[in-house]
Amino acid sequence: MSRVNLLIRGGYVLTMDAAGDIPGGDVHIRDGVIQAIGINLDAPDAQPVEASGKIVAPGLVDTHWHLWNALLRGMSDGLPSADGPDRSGYFTACAGLGRHFLPDDTYAGTRLAAAEAIDAGITTVHDWAHNVRGREWAEAGLRALAESGLRARFSYGYRAGHPNDRLMDLDDLAEFASRWHAYSTDGRIHLGVAWRGTGGSNPAMRVPRRLYETEIMAARDLGLPVSVHACGPAAAAGQVRTYAECGLLGPDLQLVHLNNASAAEIALAAQARAPVSVSPWTELQIGYGQPVTGELLAAGLTVGLSVDTTMLSGNADMFAIMKAVHACANGQARHEFALRARDVLRLATIDGARSLGLGAVTGSLAVGKRADLIVVSADAPNLGVLTDPARLLVTAASPRDVELVIADGQILKRDGRVTALDVPAVTRAARMALDGVVARAAG
């Protein structure tokens with residue numbers, strides 16, 4: 001793939017920036033950067049792309065996604081058998097099957113997720129890699145991200161089924177950090193840490209304080225952003241309070257879920273300026289309860305949206321995620337305008353980028369920012385008209401309406417077809433890899 005010189009002409013431009021909306025606007029991109037935004041731009045050396053009657057918007061931003069286990073889509077109940085799945089549940093199935101992953105399986109799963117992200121108009125992903133079984137597994141995931149063309153945070157984590165009384169591989173983490181230039185693809189991918197924190201909500205899964213403090217301090221000594229699952233299920237209530245009491249909250253610590261955080265804990269997170277990621281579909285499906293997006297925003301927290309895991313949710317449709325967040329927030333508040341569609345679109349674009357420390361790089365369309373954007377067609381019957389573009393993206397659009405996807409100035413999807421990856425080859429490889437995982441798990 002190479003960076004393009006394009007002039008996107010005549011679209012309804014949702015900048016999600018101070019410039020506001022520009023109906024009938026043009027966007028000129030070159031050398032991976034947005035060069036100009038306006039009306040009737042002059043860029044004679046650029047290839048024109050007609051966007052009249054279409055929506056031009058920032059690429060969507062995912063803030064927490066276990067890309068590797070896209071290979072296990074639909075298997076949260078465990079291994080299938082003649083009597084049906086074993087009903088082991090997501091966490092048991094994820095750990096049980098994850099133990100049997102080889103590096104090529106991580107590559108196949110991550111590449112499958114990346115292809116879906118591109119198709120869905122997601123240009124930035126946060127790969128929460130919690131099955132790093134060794135350096136080869138991490139490198140396999142990074143190779144898939146590099147090949148995809150997506151912007152990403154790769155959060156180096158522990159391995160599925162990691163013993164609670166043993167540190168994650170901090171030496172390997174330090175080695176990755178020291179050689180990160182070899183993996184960063186000129187800054188398109190940055191390194192973070194997927195932290196266990198206190199561990200699972202089950203007391204048998206708790207991580208001793210001396211271990212979880214050692215892990216987060218090692219990440220901070222390396223200057224890396226950290227992410228942790230916190231207060232998701234009711235049994236995990238109090239985790240944010242624990243981190244506050246240990247002095248571990250901060251703007252470099254992303255908190256994921258918070259469905260069962262108390263008002264006092266939400267206030268502690270806001271005081272520490274910790275960003276938050278919410279994943280409505282998986283939180284509802286696994287029984288964490290309703291997402292608490294409205295409460296988080298009311299407290300002044302920076303919130304981003306999350307696919308989390310397609311092993312549970314089934315797909316990575318960020319439009320559906322926006323719609324769920326919108327509906328849940330207004331339903332909980334019993335008010336039609338408690339959370340407006342444009343507010344939700346901010347969560348999926350500029351606020352999501354800010355939650356990952358990328359607000360100066362992506363998430364909105366502004367001169368000087370990296371060229372991460374999508375063009376959405378209104379031709380399909382689920383749209384058909386172009387009324388309020390922000391509301392249409394949140395309530396009506398779907399991945400099939402995404403006509404063009406550009407990340408870092410490279411075309412990843414064009415004319416409604418993923419071009420950055422060979423999708424049939426990606427799905428064939430995923431099926432073959434899954435066959436191997438299942439065979440090893442069953443044997």
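Let's start with a polar contact: 3.5 Å, between the side chains of His66 and His130. By polar contact I mean N or O atoms within 3.5 Å; within protein, one must be able to donate a hydrogen and the other to accept it, and residues adjacent in sequence count only if both atoms are side-chain atoms.

Ground rules. This is a predicted model, where local features need pLDDT of at least 70, side-chain atom pairs count only at pLDDT 80 or more, and totals for chains, interfaces and linings use all residues. Residues are numbered from 1 along each chain as its sequence is written, and side-chain values use heavy atoms, with hydrogens and water left out.

Back to His66. A polar contact of 3.3 Å also joins its side chain to that of His64. Where does His66 lie? In the loop between β6 (60-61) and α1 (90-98). Helices (H or I, at least four residues) and strands (E, at least two) are DSSP runs, numbered from the N terminus. His66 counts as buried because its relative accessibility is 2%. Buried means under 20% relative accessible area, exposed over 50%, partly exposed in between (1.4 Å probe, protein chains only). Leaving aside neighbours within four places in sequence, the contacts of His66 include Tyr90, Trp128, His229 and Asp308. Contact means heavy atoms within 4.5 Å.

Next, the rings. How many aromatic pairs does a search of the whole structure find? Nine. Rings of Phe, Tyr and Trp (its six-membered ring) pair if their centres lie within 6.5 Å; planes under 30 degrees apart count as stacked, over 60 as edge-to-face, the rest as tilted. Trp195 and Tyr243 make a tilted pair, 5.1 Å centre to centre, with 45° between the planes. That pair links distant parts of the chain, 48 residues apart: Trp195 is in the loop between β9 (189-194) and α5 (209-221), Tyr243 in helix α6 (residues 239-245). Tyr243 counts as buried because its relative accessibility is 0%. Elsewhere, ring pairs link Tyr156, Phe176, Trp180 and Tyr183 into a cluster.

Last stop: strand β11, residues 253-257. Five of its five residues are buried. Strand β10 (residues 226-230) pairs with β11 in the parallel sense, over five bridges. Strands pair if DSSP finds at least two bridges between them. Ser227 has Gln254 in β11 as its bridge partner. From β10 the chain crosses through α6 to β11, a right-handed β-α-β crossover. Right-handed means that, with the strands pointing away from the viewer, the path from the first strand over the helix to the second runs clockwise.
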